[in-house]
Amino acid sequence: MMADHLKLVIPPRFKKRLGKKPPRLAAAIIKCVQRVAENPGHPGLETHRVRGVPGVWEAYVDKSNRVTFHYDNGAVVFRNHCNHDIISRRP
């Protein structure tokens with residue numbers, strides 16, 4: 001764990017959608033968010049840029065689910081959490 005955590009911005013929309021997820025998946029998403037805060041380059045996150053969306057990154061929650069985020073003035077702003085297939089279908 002890194003000593004300095006990044007500042008997190010979790011918008012109301014992200015929280016609202018999280019509340020609709022099954023408890024096990026919600027817990028995995030929260031763990032992913034915590035890992036991004038501790039170390040966005042953690043190998044288990046497989047963090048990478050979202051192709052075709054400048055400035056947006058995604059990290060793996062599990063084999064099927066991802067969180068997306070961007071950086072803004074030293075903070076990590078979480079954008080969405082969804083099934084990887086949704087991200088892949090983005091134009």
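Contact here means heavy atoms within 4.5 Å. The structure is a predicted model of a protein chain with three helices and five strands. From the N terminus on, these elements follow the order β-α-α-β-β-β-β-α. The buried residues of helix 2 pack against strand 1, helix 1, strand 3, strand 4 and strand 5.

**Overall make-up**

- The protein chain has 91 residues, of which 32% count as buried.
- Among contacts in the protein chain with a separation of 6 or more, 42% come from residues 24 or more positions apart.

- Five strands form an open sheet in the order 1-5-4-3-2, and their pairing is mixed.
- Strand 1 (7-9) and strand 2 (48-49) are the edge strands, each of them pairing on one side only.
- In general, the strands of a sheet pair through backbone hydrogen bonds, in either a parallel or an antiparallel arrangement.
- Strand 2 and strand 3 are antiparallel and share two bridges; across this pair, His48 stands opposite Glu58 in strand 3.
- Strand 3 (residues 57-60) pairs with strand 4 (residues 65-72) in the antiparallel sense, over four bridges.
- Within that pairing, Trp57 stands opposite Phe69 in strand 4, and Ala59 has Val67 of strand 4 as its bridge partner.
- Strand 4 and strand 5 also run antiparallel, and eight bridges join them; one of the bridge pairs links Asp72 to Ala75 in strand 5.

**The two hairpins**

- Four residues lie between strand 3 and strand 4, which form a hairpin.
- A hairpin is also formed by strand 4 and strand 5, with two residues between them.
- In the turn between strand 4 and strand 5, Asn73 has a positive phi of about 50°.

**Helix 2 and its buried side**

- Helix 2 (residues 23-38) has 16 residues, which should span 22 Å at 1.5 Å a residue; this agrees with its end C-alpha atoms, which are 23 Å apart.
- Its buried residues are Leu25, Ala26, Ile29, Cys32, Val33, Val36 and Ala37.
- These residues cover an arc of only 140° around the axis, and therefore lie on the same side of helix 2.
- As a general rule, an α-helix has 3.6 residues a turn, so residues three or four places apart point the same way.
- On the face of helix 2 turned away from the buried side are the exposed residues Pro23 and Arg24.

**Cys32 in helix 2**

- Cys32 belongs to helix 2 and has a relative accessible area of 3%, so it counts as buried, the cut-off being under 20%.
- Leaving aside neighbours within four places in sequence, Cys32 is in contact with Leu45, Ala59, Tyr60, Val61 and Val67.
- Two of these contact residues, Ala59 and Val67, are bridge partners of one another, with Val67 in strand 4.
- Cys32 and Leu45 are 13 residues apart in sequence, and their C-alpha atoms are 7.4 Å apart in space.

**Helix 1 and Asn80**

- Helix 1 (residues 12-19) lies across strand 4 and strand 5, and runs at about 35° to strand 5.
- Asn80 is located in strand 5 (residues 75-83).
- The relative accessibility of Asn80 is 17%, and therefore this residue counts as buried.
- Apart from neighbours within four places in sequence, Asn80 is in contact with Arg13, Phe14, Arg17, Arg66, Val67 and Thr68.
- Val67 is listed among the contacts of Asn80 and also among those of Cys32.

**Asn65 in strand 4**

- Asn65 lies in strand 4.
- With a relative accessible area of 13%, Asn65 is buried.
- Along the chain, Asn65 and Ala28 are 37 residues apart, while their C-alpha atoms are separated by 9.4 Å.

Methods
Residues are numbered from 1 along each chain as its sequence is written. This is a predicted model: local features need pLDDT of at least 70, side-chain atom pairs count only at pLDDT 80 or more; totals for chains, interfaces and linings use all residues. Side-chain values use heavy atoms; hydrogens and water are left out. Buried means under 20% relative accessible area, exposed over 50%, partly exposed in between (1.4 Å probe, protein chains only). Two strands pair if DSSP finds at least two bridges between them. Axes are lines fitted to C-alpha atoms, for helices over the stretch in contact, and angles run from 0 to 180 degrees between N-to-C directions. The expected span of a helix is 1.5 Å times one less than its number of residues. The arc is that of the directions from the helix axis to the C-beta atoms.
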